[in-house]
Amino acid sequence: MVVQIEGTSNPLRSKSFHDMSYGNMAENTLPDQVAGIRQLAQKYAYIDTNKVGIWGHSGGGFATACAMFRYPDFFKVGISESGNHDNRNYEDDWGERYDGLVTNSDYDAQANENYARNLKGKLLLAHGLMDDNVPPENTLLVIDALEKANKDYDLIVFPNSPHGYGQFSPYMMRRRWDYFVKNLMGAEAPHEYQLHAKPDPRNATRGE
């Protein structure tokens with residue numbers, strides 16, 4: 001099953017609600033995700049909190065790796081795509097919007113590579129090597145830390161892809177599904193299953 005939980009500090013709410021985690025982007029609403037899943041499991045017995053996975057792209061990739069490193073006993077499988085893992089290496093208009101100036105916020109304490117040694121579960125990292133939004137070195141920082149800590153991980157790179165994976169998006173989706181099927185369900189997905197985009201009827205040509 002899949003759940004999507006709106007945690008605290010999200011936009012379109014009151015300013016006090018939004019300001020709760022100002023200066024600590026690494027929180028990523030993760031305490032709310034953990035608490036929400038545990039509460040759901042109390043209500044629905046078929047939810048197995050020993051098999052919880054998480055995935056995200058960009059800021060969600062940052063949050064996913066953060067979840068795997070800071071809550072290693074709860075999140076067992078993570079797929080982190082194109083994450084801005086260290087916001088000192090990302091756009092200042094993003095980091096400063098939520099954390100403030102580097103002189104007023106501990107950016108180092110929020111950098112994912114500093115917690116990579118805590119990994120216990122299965123982690124798949126992905127990044128486009130032509131990413132002009134989140135530089136690929138953000139993921140390389142995490143890889144370097146994982147290897148220094150002698151941690152196993154999986155990696156997918158898209159040599160000619162920007163921040164989104166374009167024509168390779170179906171490939172990434174299939175690999176994402178396969179990763180969860182194998183590592184959460186303990187099953188084998190169909191080998192190299194081919195995903196096809198649904199044709200857009202607006203692009204259909206009319207026969208004579």
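What follows is a set of questions and answers on this predicted model.

Me: In what pattern do the helices and strands follow one another along the protein chain?
Reply: The predicted chain holds six helices and four strands. Read along the sequence, these elements follow the pattern α-α-β-α-β-α-β-α-β-α.

Me: What radius of gyration does the protein chain have, and why does it agree with a compact globule?
Reply: The C-alpha trace spans about 65 × 45 × 45 Å along its principal axes. For 208 residues a compact globule would have a radius of gyration near 17 Å, and the value for this chain agrees with that, being 19 Å.

Me: What percentage of the contacts between residues at least 6 apart in sequence join residues at least 24 apart?
Reply: Of the 208 residues in the chain, 41% count as buried. Among the contacts between residues at least 6 apart in sequence, the share that joins residues at least 24 apart is 68%.

Me: How far apart do the centres of the positive and negative side chains lie?
Reply: The chain exposes about 12,700 Å², of which carbon and sulfur atoms supply 51%. It has 21 positive and 28 negative side chains, and the centres of these two sets are separated by 8 Å.

Me: How many of the twelve residues of helix 3 are buried?
Reply: Helix 3 reaches 16 Å from its first C-alpha to its last, close to the 16 Å expected at 1.5 Å a residue. What covers its buried residues includes helix 2 (30–43), strand 1, strand 2, strand 3 and helix 5. The buried set runs through Gly61, Phe62, Ala63, Thr64, Ala65, Cys66, Ala67, Met68 and Phe69. Helix 3 is therefore largely enclosed by the rest of the structure, the number of its twelve residues that are buried being nine.

Me: Is Gly61 buried or exposed?
Reply: Gly61 has its place in helix 3 (residues 59–70). Leaving aside residues up to four places away in sequence, Gly61 touches Gly56, Ser80, Glu81, Gly83 and His85. Because its relative accessibility is 0%, below the 20% cut-off, Gly61 counts as buried.

Me: Which strands are included in what covers the buried residues of helix 6?
Reply: At 1.5 Å a residue, the 17 residues of helix 6 (residues 169–185) should span 24 Å, and the 23 Å between its end C-alpha atoms agrees with this. Its buried residues are Met172, Arg174, Arg176, Asp178, Tyr179, Phe180 and Leu184. What covers these buried residues includes strand 1 (52–57), strand 2 (75–81), strand 3 (122–128) and strand 4 (154–158).

Me: Which residue just after helix 6 takes a positive phi?
Reply: The residue in question follows helix 6 directly and has a phi of about 70 degrees. This residue is Gly186.

Me: Ser82 and Asn150 both have a positive phi without being glycine; what is the relative accessibility of each?
Reply: Ser82 has a phi of about 50 degrees and lies in the loop between strand 2 and helix 4 (92–99). Asn150, with phi near 60 degrees, is placed in the loop between helix 5 (137–148) and strand 4. Ser82 is buried, with a relative accessible area of 0%, whereas Asn150 counts as exposed, at a relative accessibility of 68%.

Technical notes. Residues numbered from 1 in each chain as written. Predicted model: local features only at pLDDT ≥ 70, side-chain atom pairs only at ≥ 80, totals over all residues. Heavy atoms only, no water. Helix = DSSP H or I, 4+ residues; strand = E, 2+ residues; numbered from the N terminus. Rg over C-alpha atoms; globule rule 2.2 N^0.38 Å. Buried < 20%, exposed > 50% of the residue type's maximum accessible area, 1.4 Å probe, protein only. Contact = heavy atoms within 4.5 Å. Areas by Shrake-Rupley, 256 points an atom, 1.4 Å probe, with all protein chains shown as cover. Lys, Arg positive; Asp, Glu negative; His and termini not counted. Charge placed at Lys NZ, Arg CZ, Asp CG, Glu CD. Expected span 1.5 Å × (residues − 1).
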